[in-house]
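Please look over the model below, and keep the sequence at hand while reading. The paragraphs after it go through a few local features one at a time.

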Amino acid sequence: MTYSIVTSSKTGNTQAVADAIAAALPPEGCVYRGAPAPEALDADVIFAGFWTDKGTCAQDMAGFLPLCGGKKVALFGSYGWGDGQWMRDWADRLAASGAAASGEPLIVNEAPDDGGLAQCRALGAALAGV
């Protein structure tokens, strides 16, 4: 199985989540890691993480997510306000594009603590089958 980790991080919190997910994945399976780009779509599983500002997704990710139709996608991110509804809204939009969500999105409040990092590693391990 191959995977891509696509991130758009403004404060570093979402990048910390991405790094924890990556730590649980076999390095030989990674076909792409970085900002949203067409090459990321070559993977079997796409881990897509992003920040929002009052519910508005980063523009680079807003343009990338609709391209994921037909792919298995795991959404993740961090937030500093509200209850994370923005991520549930993006999960609905992703499903409408034809992508197969890999369960509930993983969201953490602000910077991930030890429990949040453990959740990130568990998500990566579960989807990689390790």
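Tryptophan 81 is placed in the loop between β6 and α3 (85–96); helices (H or I, at least four residues) and strands (E, at least two) are DSSP runs, numbered from the N terminus. With a relative accessible area of 38%, tryptophan 81 is partly exposed, where buried means under 20% relative accessible area, exposed over 50%, and partly exposed in between (1.4 Å probe, protein chains only). Its C-alpha atom is separated by 24 Å from that of alanine 95, 14 residues apart along the chain.

This is a predicted model, in which local features need pLDDT of at least 70 and side-chain atom pairs count only at pLDDT 80 or more, while totals for chains, interfaces and linings use all residues. Residues are numbered from 1 along each chain as its sequence is written, and side-chain values use heavy atoms, with hydrogens and water left out.

Serine 4 belongs to strand β1 and is buried, at a relative accessible area of 0%. Leaving aside residues up to four places away in sequence, serine 4 touches Val31, Tyr32, Ala40, Ala43, Val45, Ile46 and Phe47; contact means heavy atoms within 4.5 Å.

Next comes helix packing. Two packed helices are described by the angle between their axes and the distance between the axes. For helix α1 (residues 13–23) and helix α4 (residues 114–128), the axes come within 7 Å and cross at roughly 50°. That makes α1 oblique to α4, since angles under 35 degrees count as roughly parallel, over 145 as roughly antiparallel, 65 to 115 as roughly perpendicular and the rest as oblique. From α1, the contact involves Ala16, Val17, Ala20 and Ile21, and from α4 Leu117, Cys120, Arg121, Leu123 and Gly124.

In α1, the buried residues are Asn13, Thr14, Val17, Ala18, Ala20, Ile21 and Ala22. Their cover includes β1 (3–8), β2 (30–34), β3 (45–50), β6 (72–79), β8 (106–109) and α4.

Which side chains meet in a salt bridge? Those of aspartate 19 and arginine 33 do, at 2.4 Å, N to O, a salt bridge being a side-chain nitrogen of Lys or Arg within 4 Å of a carboxyl oxygen of Asp or Glu. Because aspartate 19 lies in helix α1 and arginine 33 in strand β2, the pair ties together parts that are 14 residues apart in sequence. Aspartate 19 is partly exposed at 37% relative accessible area, and arginine 33 is partly exposed at 42%. The count by this rule is one salt bridge.

Conventions
Axes fitted to C-alpha atoms, helices over the stretch in contact; angles between N-to-C directions.
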